[in-house]
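Please walk me through this chain, one feature at a time. I would like the general idea, then the case at hand.

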Amino acid sequence: MSAFSLKRAAKPADGAVIKRILVRCPSTGKLTATGKTVEEAAWPQTKLTKPKLDCPHCRQVHIWTKDDVVLAR
Ligand SMILES: [Zn+2]
């Protein structure tokens with residue numbers, strides 16, 4: 001008898017909400033699409049590996065973190 005049978009969250013079959021990942025440009029304050037999308041329910045567990053953004057607003061490369069992200073439809 002196992003007391004440690006943790007139930008893993010199954011992949012959501014339906015009702016999944018896919019969001020676009022937007023990042024605010026620190027120079028212009030404009031929201032910029034990163035071109036990435038994420039399932040909204042998976043976002044809290046999503047790990048990012050030093051994501052970068054080629055910013056069309058100020059033409060610089062921004063390194064962003066989850067704290068900078070705005071999820072949009
Ligand atoms: Zn920028």
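The dialogue below goes from strands to sheet, core and single residues.

Q: What should I know about the model and the numbering before I start?
A: This is a predicted model, where local features need pLDDT of at least 70, side-chain atom pairs count only at pLDDT 80 or more, and totals for chains, interfaces and linings use all residues. Residues are numbered from 1 along each chain as its sequence is written.

Q: How many helices and strands are in the chain?
A: Helices (H or I, at least four residues) and strands (E, at least two) are DSSP runs, numbered from the N terminus. Here there are zero helices and five strands. From the N terminus the order reads β-β-β-β-β.

Q: Which order do the strands of the open sheet have?
A: Strands of a sheet pair through backbone hydrogen bonds, either parallel or antiparallel. Two strands count as paired if DSSP finds at least two bridges between them. In this chain, three strands form an open sheet in the order β2-β1-β5, with antiparallel pairing. β2 (31–39) and β5 (69–72) are the edges; each has a single partner strand, so one side of each lacks a neighbour in the sheet. Neighbouring strands are turned by 35° against each other on average, direction ignored; the axes are lines fitted to C-alpha atoms.

Q: How many bridges join β1 to β2?
A: Six bridges link β1 (residues 18–24) with β2, and the two run antiparallel. Arg-24 stands opposite Leu-31 in β2.

Q: Which residues make up the largest nonpolar core?
A: A nonpolar core is a set of buried Ala, Val, Leu, Ile, Met, Phe, Trp, Tyr and Cys residues joined through C-beta atoms within 7 Å. Buried means 20 or more other C-beta atoms within 10 Å, exposed 12 or fewer, partly exposed in between, with C-beta atoms placed from the backbone. The largest core has five residues: Ile-21, Val-23, Leu-53, Trp-64 and Val-69. Of the 73 residues of the chain, 8% count as buried.

Q: What is Trp-64 in contact with?
A: Contact means that two C-beta atoms, placed from the backbone, lie within 7 Å. Leaving aside neighbours within four places in sequence, Trp-64 contacts Val-23, Pro-51, Leu-53 and Val-69.

Q: Is Gln-60 buried or exposed?
A: Gln-60 is exposed, because 12 other C-beta atoms lie within 10 Å. Its place is the loop between β3 (52–54) and β4 (61–63). Beyond four places in sequence, Gln-60 is in contact with Ser-27 and Cys-55.

Q: Where is Arg-20 found?
A: Arg-20 lies in strand β1. Arg-20 counts as partly exposed, with 15 C-beta neighbours inside 10 Å. Not counting residues up to four places away in sequence, Arg-20 touches Ala-33, Thr-37, Ala-72 and Arg-73.

Key: Axes fitted to C-alpha atoms, helices over the stretch in contact; angles between N-to-C directions.
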